[in-house]
Amino acid sequence: MTRTIREHLSRLLAVLACLALLSACAGPQPRLGSDAIIASSRPATQDTTIALLGGTGMAGSHILQQALARGYSLRILSRSPQKLAYLGDRVTVVSGDARNQNAIDELLTGSDVVISAIGPGNNSQSPMDLTITVTRNVLTAMQHHQIDRYILVSGAGVVIPGDQRNATGWLMRQLVKLRYRSLLADRQAEYEMLAKSQSNWTLVRCPLIDSTGFQREPVASLLSPGSFNLRAGELADFVLGQIDSDHYSRQGPFLYSQ
């Protein structure tokens, strides 16, 4: 194999694995499993306050905008509050780092539900224990503030007992393990921590998320991702729909666009 071919293959694996970590890679769409359902949202409870992590990211910004449109009150943690200055007094911005317990405590004060859309980081400067550190802080603060509901955006590479991945789902996870083992381990450890907790959590496992808005209801499955694409607007719709729903309580549905 020539050096050029090896370099191209290495780049391809890196791209596919990165996508699969937060989400998945591309490929043919498998048939839907019998457990797959069309995900639906519920009307907002306007006296509910959401503590939002990752609100300045791509997925998080869709959650933020949809939450505001539905009438929710929001408290948002940000290391760069100026990025949210355009919202004025429509939200409460808490300045700080999610890895800091005091910042999480301040964020959750007066909140009713926690939503995390924090990404795991994919560069050499990103901490390899980001998501498990954040979730540890959140679970501690939730107990202190007597908050029960915790909804998290995660990656389709995370394994949960009961999964029945098809061939593409299996390949997706192998690519992640090859290129981003530490980042996947962080996400996996986050799930293990949630499973041991007493909180009412839902871990939304996503394939490749693009910045497209809502087009139609996404599909959720507890067995295997049925597509390699998820529109950010549809992710936001599903996440907000879980606030008042126990359908996926203490479960990790795969979510994907039709």
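A residue is called buried here when its relative accessible area is under 20%. Keep that cut-off in mind for the charged pairs below. The model is predicted.

Start with aspartate 237 and arginine 70. Their side chains meet in a salt bridge, at 2.7 Å from N to O. The two residues lie in distant parts of the chain, 167 residues apart. Aspartate 237 sits in helix H7, which covers residues 232–241. Arginine 70 belongs to a loop. That loop runs between helix H2 (58–69) and strand S3 (73–78). Are these two partners buried or exposed? Aspartate 237 is buried, and arginine 70 is buried too.

Now turn to helix H6, residues 181–196. Here arginine 187 and glutamate 190 form a salt bridge, with an N to O distance of 3.4 Å. What separates them along the helix? They are three residues apart, so about one helical turn lies between them. Arginine 187 has 4% relative accessibility, so this residue counts as buried. Glutamate 190 has a relative accessible area of 2%, and is therefore buried as well.

Another pair is arginine 165 and aspartate 163. They also form a salt bridge. Their closest N and O atoms are 3.9 Å apart. A salt bridge requires such atoms to be within 4 Å, so this pair qualifies.

Which residues are linked in a network of salt bridges? They are Arg79, Asp97 and Arg99.

Note on methods: Residues are numbered from 1 along each chain as its sequence is written. This is a predicted model: local features need pLDDT of at least 70, side-chain atom pairs count only at pLDDT 80 or more; totals for chains, interfaces and linings use all residues. Side-chain values use heavy atoms; hydrogens and water are left out. Helices (H or I, at least four residues) and strands (E, at least two) are DSSP runs, numbered from the N terminus. Buried means under 20% relative accessible area, exposed over 50%, partly exposed in between (1.4 Å probe, protein chains only).
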